[in-house]
Amino acid sequence: FESAGAVNVPRSVSIDGTLPGAGLRGIDIASGVNNVSLAGGGSIRNPGMQGIRFNGSSTNSLVHGFTITAAGMTGIKFAPGTYTGTRAIGNSIDGAGLSTYGFRLNDALGLSIGGGLLGDGNRVTGAYQGMYATGNLTGTSMMGNLFIANTSAVILDSVTGLGFGSGNQVRSSTAFGMYVAGVSTGMRIEGNTLVENPVGVYLDFARGVTIRDNVMVRNAAQGLFATGTCTDTVVVDNSIFGGGGVGLYGMYLAGARGMTIGGAGGGNDIAGTTQGLFAFGTLTGTVIADNLIEQNETGMVLFGARDLTVNAGNRIRSNTAWGLFGTGDCAGTTVLANTIQSNRAGIYLSAVTGITVGTETAGTGNTISANQFGLFASGVSTGTSVLGNTITGNVTNITVDPTAATTGTFQAT
């Protein structure tokens, strides 16, 4: 459709890209064509490039009820433009292992993909990337969609303003459930379910995104992985479960800087993994607060984790091995005002240097109780300080070997 004030296609259409004379696109809508109603749906098979392409702004348009199979590149593409009032609902895109993208969005403003009513959600499967989006997506929302059995379900590359949620399901990808990179100011990932992907959410230098109230279950490697500068990225109110011993890490922080993980009234729940939260590298500006980390093998591992703040109300409990395990160079990392209880060992420090666990200032000490070992420390502990904690009610409250005792500072009781 190259020009029109309105286009109405109320009946089902059938397009086969393998037939003689077929174009590269099943349906192609030029920029500036508004009020396009493709309400009757239909089938588009084997288009050379896109099943449906919007080549620029199109307001108050509708794409509904299409089954798009084996597109050469993209199921449905929205090129840069304004799409206020435009909806893509109730469509099924099957890449059949051939399509690069299910949906592709580039600087698409005001668009709705899926919705909150029964039948509004789109289904995307068999694509290399179920959805790829980049640029300014202010006013664009994605709700109630199912991304299943794609290589990576959702790729968000320097996306600002997008609302991803609620009710999207991201399942059974072979690489990433969601991959988020670059400046992501104003983007919200809220109220979604991510199940049985290798990685639920992967944050790669993702700055300014809010990840809230999602459920991440049985993601094999990590529920959430973060690396690089992630300034102003907030991860709150999420539930991360391994389930049946599937999840290796609940959260994995690889030098992720500037993040907020949890906080007063907004803590994350992490359970059923091998290691609830694993951190290493320089993590300047990252704060972990008010989270519940329970029923993992080890609650938290600080493996050469520097400049990390583990403060204010984390509850680390009922983990079968260690509540908190620290080793390596942890200079500048503080562990203050947390509750660590009912683990095999509350805190195990193995040749860890530079960490501060509690201080003698009121309100900064950790409460360590009902563990088999409250505090166990061994090896060279230069610059490590463990003071002002309440360590009581454990089978053995404090064990510090001679090397640790002579190289670090440890409270006696």
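## Salt bridges and a buried asparagine

Reader: What is the relative accessible area of arginine 218?
Author: Arginine 218 falls in the partly exposed class, which sits between buried (under 20% relative accessible area) and exposed (over 50%), computed with a 1.4 Å probe on protein chains only. In this predicted model, local features need pLDDT of at least 70 and side-chain atom pairs pLDDT 80 or more, while totals for chains, interfaces and linings use all residues. Residues are numbered from 1 along each chain as its sequence is written, and side-chain values use heavy atoms, without hydrogens and water. The relative accessible area of arginine 218 is 30%.

Reader: Thanks! Which residue forms a salt bridge with arginine 218?
Author: A salt bridge here is a side-chain nitrogen of Lys or Arg within 4 Å of a carboxyl oxygen of Asp or Glu. For arginine 218, the closest N and O atoms of the pair are 2.9 Å apart, and the partner is glutamate 196.

Reader: How many residues apart are glutamate 196 and arginine 218?
Author: Glutamate 196 lies in the loop between strand 25 (193–195) and strand 26 (199–207); strands are DSSP runs of E, at least two residues long, numbered from the N terminus. Arginine 218 lies in the loop between strand 28 and strand 29 (222–229), so the pair links distant parts of the chain, and the separation is 22 residues.

Reader: Which residues do salt bridges with shared partners join into one network?
Author: One link of interest is the salt bridge between glutamate 190 and arginine 188, at 3.5 Å from N to O. Both ends are partly exposed, glutamate 190 at 26% and arginine 188 at 38%. The whole network consists of Arg188, Glu190, Arg212 and Asp237.

Reader: How many salt bridges does the structure hold?
Author: Another one joins arginine 53 and aspartate 28, with the closest N and O atoms 2.8 Å apart. This pair brings together strand 6 (residues 50–54) and strand 3 (residues 25–29). Arginine 53 is buried at 14%, whereas aspartate 28 is partly exposed at 28%. For the structure, the count of salt bridges is 7.

Reader: Now asparagine 389: which residues is it in contact with, leaving aside neighbours within four places in sequence?
Author: Asparagine 389 is in the loop between strand 48 (385–386) and strand 49 (390–391). It counts as buried because its relative accessibility is 7%. Its side chain reaches the backbone oxygen of leucine 387 at 3.3 Å. Beyond those sequence neighbours, asparagine 389 has contacts (heavy atoms within 4.5 Å) with Val357, Gly358, Gly365, Asn366, Ile368, Gln411 and Thr413.

Terms used:
Helix = DSSP H or I, 4+ residues; strand = E, 2+ residues; numbered from the N terminus. Polar contact = N/O pair within 3.5 Å; in protein donor to acceptor, adjacent residues only side chain to side chain.
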